[in-house]
Amino acid sequence: MAYADQQMSGSKLTTIVIVALIHVFIGYALISGLAYEATKKVISKVTTVDIKEEPPKEEEPPPPPPEPQPDTPPPPIVAPPPPINIAPAPPPVQTVITAPPAPPAVITTAAPPAPPAPPAPPAPSKARGASTKNAGRWAAQIQRNYPSRAAREGREGRVGVRVTVTAEGRAGSCQVTSSSGSPDLDEAACDGMERYARFEPALNAAGNPISSSYSTTIVYQLN
């Protein structure tokens, strides 16, 4: 049974293949026949087209010959006009009125100025230094005030002093410039000058009294 089934299956398959091939052939024949018929129709249409010949073109007539020109005489020769000389206008004339010259100046020679007066001589200076006033009187007063201790001991000496003379002629700020060697004599000399000395004060150039200095020597001597 199995073998018989296999044979029947093979026969069916063969039959199916043959039927399919027949259908394919028939289809091809149909398609080929239809194509052939269509081709024939196209060819017949193409071959039956009437080809009409174009009518010949008419030739254009040639242009007419140019009309003869009448002989005209050449234009007369005209000489160019003479050149026109355009001279520039002359510049305007300006009239300048000049004044008559002034008369020459008269130069007068003036007399030379007088020489300046010589300067006045300077006024005599009134300046002077301080000087003593009644020197003998106040010198004797200083001697009378001889230091008692120096007198008892018999000491003598010379004392140099310098005092400041005020504008009023009084002595002040005495200073010993040369010592006698005895302090009591030196002290007595300055004290006596400041108490008793009188002066004419010094004057400046205008004659006004001013402060100055004065130097002198006091001599202490026992009789």
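A residue counts as buried under 20% relative accessible area, as exposed over 50%, and as partly exposed in between. In this predicted model, E153 has a relative accessible area of 47%, so it falls in the partly exposed class. E153 forms a salt bridge with R155, with the closest N and O atoms 2.6 Å apart. R155 is partly exposed too, because its relative accessibility is 22%.

R155 also meets D184 in a salt bridge, this time at 2.9 Å from N to O. That pair ties together distant parts of the chain: R155 sits in the loop between α3 and β2, while D184 belongs to helix α4, 29 residues apart. D184 has a relative accessible area of 22%, so D184 is another partly exposed residue. Put together, R149, E153, R155 and D184 make up a network of salt bridges. The structure holds five salt bridges. One of them joins R195 to D191, with 3.7 Å between the closest N and O atoms. Both R195 and D191 lie in α4, four residues apart, or about one turn of the helix. An α-helix has 3.6 residues a turn, so residues three or four places apart point the same way. R195 comes out as partly exposed at 47%, and D191 likewise at 38%.

Helix α4 has a buried side as well. Its buried residues are L185, D186, A188, A189, C190, G192, M193 and Y196. These pack against α2, α3, β2, β3, β4 and β7.

In soluble globular proteins, nonpolar side chains tend to be buried together. The largest core here has 22 residues, and I142, V161, V163, M193, F199, I218 and Y220 touch the most other members. At least two residues each come from α2, β2, β3, α4 and β7, and α4 gives the largest share, six residues. Leaving out residues up to four places away in sequence, V163 touches A171, G172, S173, C174, M193, F199, S212, S213 and Y214.

Finally, there is the sheet. Three strands form an open sheet in the order β3-β2-β7, with antiparallel pairing. β3 and β7 are the edge strands, each pairing on one side only. Neighbouring strands are turned by 30° against each other on average, direction ignored. Nine bridges join β2 to β7, and V161 has T216 in β7 as its bridge partner.

Notes:
Residues are numbered from 1 along each chain as its sequence is written. This is a predicted model: local features need pLDDT of at least 70, side-chain atom pairs count only at pLDDT 80 or more; totals for chains, interfaces and linings use all residues. Side-chain values use heavy atoms; hydrogens and water are left out. A nonpolar core is a set of buried Ala, Val, Leu, Ile, Met, Phe, Trp, Tyr and Cys residues joined through side-chain atoms within 4.5 Å. Buried means under 20% relative accessible area, exposed over 50%, partly exposed in between (1.4 Å probe, protein chains only). Contact means heavy atoms within 4.5 Å. Two strands pair if DSSP finds at least two bridges between them. Axes are lines fitted to C-alpha atoms, for helices over the stretch in contact, and angles run from 0 to 180 degrees between N-to-C directions. A salt bridge is a side-chain nitrogen of Lys or Arg within 4 Å of a carboxyl oxygen of Asp or Glu.
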